[in-house]
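Have a look at the structure first, then read on.

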Amino acid sequence: MTTKPAKIIWSEIDEAPALATYALLPVIQGFTKGTGIEVETRDISLSGRIIATFPDKLREDQRIADHLAELGELVKTPEANIIKLPNISASIPQLQAAIKELQAQGYDVPSYPEEPKNDEEKKIQERYAKVLGSAVNPVLREGNSDRRPAASVKTFAQKNPHRMMQPWPQVSQCRVAHMSGGDFFENETSTTLQKDTQARIEFVGADGKVTVLKDKLPLLAGEVLDSTHMDIAALRKFYAETIEEAKQKGVLLSLHLKATMMKISDPILFGHCVSVYYKDALAKHAATLKEIGANPNFGMADILAKLDRLPAAKKAEIEADIEACYKTRPALAMVDSRKGITNLHVPNDVIVDASMPNVVRDGGRMWNLNDELQDTIAMIPDRCYATMYQAMIEDCQKNGQYDPATMGSVSNVGLMAQKAEEYGSHDKTFTAPGDGVIRVVDTSGATLLEQKVVAGDLFRACQTKDIAIRDWVKLAVNRAKASGDPAIFWLNAERGHDAQLIKKVETYLKDHDTSGLDIRIMKPVDAMKFSCERIRKGLNTISVTGNVLRDYLTDLFPILELGTSARMLSIVPLLAGGGLFETGAGGSAPKHVQQFLKEGHIRWDSLGEYCALVPSLELVAENYSNAKAKVLAETLDQAIGKYLENGKLPSRKVNEIDNRGSTFFLTLYWAQALAAQSKDAELKARFVPIAEKLTANEAKIDQELLAAQGRSVDVGGYFRPDPVKADKEMRPSATLNAIIDSMF
């Protein structure tokens with residue numbers, strides 16, 4: 001056994017899971033003390049990444065290291081063992097809000113220049129580009145994804161089904177609207193590289209002039225390279241036609257994109273919808289809006305805020321014209337009907353992977369201005385993924401709502417290593433500067449791929465490494481063997497990228513013993529129909545998908561099955577041999593913070609963190625021959641089971657158990673399990689008195705935690721809370737604190 005301690009890195013992130021860490025992390029550090037395990041933190045929060053980006057602007061005591069870059073190197077080593085909580089994938093409005101808060105806290109970070117006026121502002125914008133959108137996940141995901149509900153969690157969910165499912169109406173007008181041509185799906189071309197090379201991306205105008213858009217694009221043999229473009233004229237026509245359809249049918253209009261992960265392309269797609277829906281007002285005042293820097297890509301919130309720069313009379317005139325649009329347009333799905341915040345208010349308010357499961361859960365409906373559920377047409381412009389959502393909606397319209405008490409699971413093996421597919425496309429996404437061709441050219445001058453574009457079209461290229469694809473196929477086979485469930489590759493031969501992947505999958509499956517396994521390749525639409533048929537029978541299926549479908553499906557099915565995707569077990573076996581353990585989705589995190597600040601009740605469910613710690617400890621046990629780590633993992637698993645059986649999950653209501661109470665009971669059950677076990681005498685001796693103290697003071701601690709609720713709370717910041725204030729609010733039980741602190 002090595003004497004070198006094993007390190008588990010706990011990520012410091014944002015919003016509700018960041019606050020929950022104040023309650024949970026001291027417990028983990030106390031329980032692992034003296035076991036050959038060191039639990040350390042690294043700050044990869046949005047505010048932390050901003051601070052790390054501008055050390056030259058800050059005092060020495062304000063600076064923090066670039067922890068994301070540090071972890072990016074760590075994940076390429078066998079020693080990596082990282083528990084990664086959900087972080088903010090920032091849209092520009094979120095980035096601006098975080099910057100404003102940091103500036104108010106005394107951090108001299110520069111404001112984000114939306115439209116740079118000089119070279120200095122351009123450099124600032126370029127530095128902030130590394131913070132926007134999916135800045136974290138592609139850096140850390142040096143492996144493919146294995147996501148499934150832990151057995152104890154699934155069993156609990158079936159015994160105690162969540163009550164959020166709404167019946168589907170007998171007549172439902174819900175449907176997913178998508179483009180029929182001109183989208184990324186139709187225009188995609190793809191190739192597999194035969195040798196290592198270096199390429200560049202360039203625009204060739206109608207006049208023959210060449211403009212280099214990206215000068216260095218390293219490519220490896222066996223790598224799949226894609227290019228595609230969105231025909232913006234076709235997109236706007238699609239929006240206009242669907243807006244009219246929703247008006248005629250009297251249903252809500254909703255738009256479902258992912259402007260956080262797809263930080264370059266999707267805000268542009270969002271902006272075009274805003275400008276089409278509010279066309280009468282925005283076109284009329286185009287010159288004025290341009291002068292004040294109003295940008296539809298940032299949503300109506302940005303436009304309305306920028307109106308403050310105008311004289312009162314002009315502002316009132318434009319506001320009246322915007323308001324008049326609602327009389328001729330269909331009603332929009334609401335984010336907050338009380339505040340009048342619509343689906344088109346901010347690009348990151350409605351995120352497809354979280355919003356579409358709620359459409360299904362709510363019977364094909366979304367919330368209207370009267371705070372009532374109403375049928376919606378859900379616009380997902382691109383056909384790469386829209387069609388599979390429509391397949392699920394049709395299944396529900398035919399067969400009714402799913403039953404969490406009986407439905408099976410759809411787990412996922414996701415291709416995401418080394419920035420695979422679209423989520424790695426940000427540095428290769430461009431708006432066509434004119435009519436012409438955007439092409440990828442190698443060092444010999446040969447054109448690898450090209451797209452004919454007109455001014456304003458949206459070009460995108462992406463890469464998928466061969467080593468990632470090989471590992472993905474291996475992981476799928478291993479999961480099929482371990483579970484005995486069918487493994488379905490969701491791939492469509494009619495799509496350029498998928499056609500290349502199908503060839504590779506069929507080749508690499510031959511490297512494995514697949515006898516007795518049910519492994520198939522299906523179009524996403526057919527795979528969805530197959531999976532829905534099985535879950536209605538209580539049967540499990542493994543979805544084997546690319547990066548985006550991995551993201552979408554690992555929210556879609558868990559939200560329906562478990563009520564939330566935060567309770568999923570998410571393991572990333574890293575290519576170098578380490579492990580990354582993700583703890584679920586953070587889509588609901590902002591609402592939890594808002595409730596906590598208002599009522600002193602935080603209903604974030606840390607079950608994802610509890611579950612992620614089990615395989616993290618198991619990895620320590622395996623890689624370091626650490627018997628204590630194995631016992632810690634086994635007893636934590638037992639504690640999670642007891643925690644679920646006893647119903648200690650956070651309540652939605654103030655003055656009932658919240659995250660802090662949940663973590664206390666998990667702590668109690670874990671200590672009791674360690675005290676009761678007989679595999680490690682030293683751990684037993686250490687935890688017998690701890691368990692006795694926790695058990696004897698259970699009622700007192702519970703009351704101290706409940707007493708902290710029912711009042712407004714100040715933690716000193718939303719994006720960057722004050723550590724002292726946050727610690728005080730998240731650890732309000734002096735009795736519990738004394739017991740935990742005595743372990744150090």
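A cavity here is a set of grid points where a 1.4 Å probe fits but cannot get out, and its volume is the space filled by probe spheres set on those points. On that basis, the second largest cavity holds about 90 Å³ of space. Bear in mind that this is a predicted model.

**Second largest cavity**
- The residues lining the second largest cavity are Ala23, Val27, Arg660, Thr663, Leu705, Met730, Arg731, Pro732, Leu736, Asn737 and Ile740.
- Helix H1 (15–32), helix H24 (659–676) and helix H28 (734–741) are the elements that each give two or more residues to this lining.
- H28 supplies the largest share, three residues.
- Sorted by class, the lining of the second largest cavity comes out as seven nonpolar, two polar and two charged residues.

**Largest cavity**
- The count is five cavities of 30 Å³ or more, and the largest has a volume of about 220 Å³.
- It's lined by 17 residues, of which Asp266, Asp382, Tyr385, Arg460 and Tyr552 are the closest to the centre of the largest cavity.
- For the largest cavity, the class breakdown is 11 nonpolar, one polar and five charged residues.

**The sheet**
- There's an open, mixed sheet of 10 strands, and the order runs E2-E1-E3-E24-E23-E4-E15-E22-E20-E21.
- Strand E2 (37–43) and strand E21 (519–522) sit at the edges with a single partner strand each, so one side of each has no neighbour in the sheet.
- From one strand to the next, the twist averages 20 degrees.
- Within the sheet, strand E3 (residues 81–84) and strand E24 (residues 579–582) run parallel and are joined by four bridges.
- In that pairing, Ile83 of E3 stands opposite Phe581 in E24.

**Helices on the sheet**
- Helix H3 (residues 67–74) lies across strand E1 (6–12), E2 and E3, and runs at about 135 degrees to E2.
- Helix H19 (residues 524–536) also packs on the sheet, where it touches strand E15 (410–414), strand E20 (487–490), E21 and strand E22 (541–545).
- The direction of H19 makes about 150 degrees with that of E20.

Key
Residues numbered from 1 in each chain as written. Predicted model: local features only at pLDDT ≥ 70, side-chain atom pairs only at ≥ 80, totals over all residues. Heavy atoms only, no water. Pairing = 2+ DSSP bridges. Axes fitted to C-alpha atoms, helices over the stretch in contact; angles between N-to-C directions. Contact = heavy atoms within 4.5 Å. 1 Å grid on protein atoms, 1.4 Å probe; cavity = no way out; pocket = protein on both sides within 12 Å on 5 of 7 lines; lining within 4 Å. Nonpolar A, V, L, I, M, F, W, Y, C, P; charged D, E, K, R; others polar.
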